[in-house]
Amino acid sequence: MTGDEIRTTRERLGWSRLRMAVECQVGFETIGRWERGENVPLPIFQSKLQQLAHAVPDARSLREGRERESGIVDPGGVDGESHPDDQT
């Protein structure tokens, strides 16, 4: 992974460099060096970073999850169908 890909993965996860360092079991400074392209992660860390990148949900999934958590509901129901509880 490139430094930009590492940073993008971290940001999509909503993690600080410290959190990423803890998850990868490396020093905080190491994450910064990887992101800036000063160092390249060893293969064992590349594997962990790839796993994290694949675990990142896409933007649509993130938005839908936030809506579910906040209680925002589509007033038309799923695919515009009404629900039995609708009182229209």
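Predicted model: local features only at pLDDT ≥ 70, side-chain atom pairs only at ≥ 80, totals over all residues.
**Entry 1: the whole chain**

I began with contacts, meaning heavy atoms within 4.5 Å. Among those between residues at least 6 apart in sequence, 47% join residues at least 24 apart. Residues are numbered from 1 along each chain as its sequence is written, and side-chain values use heavy atoms, with hydrogens and water left out.

Next I looked up the helices and strands, which are DSSP runs numbered from the N terminus (helices: H or I, at least four residues; strands: E, at least two). I found 5 helices and 0 strands, and along the sequence the pattern reads α-α-α-α-α.

The accessible surface comes to about 6600 Å², and carbon and sulfur atoms hold 49% of it. Of the 88 residues, 24% are buried. Here buried means under 20% relative accessible area, exposed means over 50%, and partly exposed lies in between (1.4 Å probe, protein chains only).

**Entry 2: the core**

Which residues make up the largest nonpolar core? I took a nonpolar core as a set of buried Ala, Val, Leu, Ile, Met, Phe, Trp, Tyr and Cys residues joined through side-chain atoms within 4.5 Å. The largest one has 10 residues: Ile-6, Trp-15, Met-20, Ala-21, Cys-24, Val-26, Ile-31, Trp-34, Leu-49 and Leu-52. Helix 2 (17-24), helix 3 (28-36) and helix 4 (43-55) each bring at least two residues to this core. Helix 2 gives the most, with 3 residues.

Leaving out residues up to four places away in sequence, Leu-49 touches Met-1, Ile-6, Met-20, Cys-24, Trp-34 and Pro-41.

**Entry 3: helix 3 and its partners**

In helix 3, I found Thr-30, Ile-31, Gly-32, Trp-34 and Glu-35 buried. The buried residues of helix 3 pack against helix 1 (3-13), helix 2 and helix 4. Just past the end of helix 3, Gly-37 has a positive phi of about 80 degrees.

Two packed helices are described by the angle between their axes and the distance between the axes. The axes are lines fitted to C-alpha atoms, for helices over the stretch in contact, and the angles run from 0 to 180 degrees between N-to-C directions. Angles under 35 degrees count as roughly parallel, over 145 as roughly antiparallel, 65 to 115 as roughly perpendicular and the rest as oblique.

How do helix 1 and helix 3 lie, oblique or roughly perpendicular to each other? Their angle is about 125 degrees, with the axes 6 Å apart, so helix 1 and helix 3 are oblique. Gly-3, Asp-4, Ile-6, Arg-7 and Arg-10 of helix 1 meet Ile-31, Trp-34 and Glu-35 of helix 3. By class, this contact has 3 nonpolar, 1 polar and 4 charged residues. I sorted Ala, Val, Leu, Ile, Met, Phe, Trp, Tyr, Cys and Pro as nonpolar, Asp, Glu, Lys and Arg as charged, and the others, Gly among them, as polar.

Helix 2 and helix 3 pack at about 105 degrees, with their axes 8 Å apart, and are therefore roughly perpendicular. Arg-17, Leu-18, Met-20 and Ala-21 of helix 2 face Phe-28, Ile-31, Gly-32 and Glu-35 of helix 3 in this contact. Its classes are 5 nonpolar, 1 polar and 2 charged residues.

**Entry 4: single residues**

Is Arg-10 buried or exposed? Arg-10 lies in helix 1 and is buried, at a relative accessible area of 8%. Beyond neighbours within four places in sequence, Arg-10 contacts Trp-15, Ser-16, Arg-17, Met-20, Ile-31 and Glu-35.

Thr-9, also in helix 1, counts as buried at 8% relative accessibility. Not counting residues up to four places away, Thr-9 touches Met-1, Leu-52, Ala-53 and Val-56.

Gln-25 sits in the loop between helix 2 and helix 3. Gln-25 is exposed, with a relative accessible area of 70%, and has a positive phi of about 60 degrees although it is not a glycine.

Ala-55 and Leu-13 are 42 residues apart in sequence, and I noted 8.7 Å between them in space, C-alpha to C-alpha.

Key
Areas by Shrake-Rupley, 256 points an atom, 1.4 Å probe, with all protein chains shown as cover.
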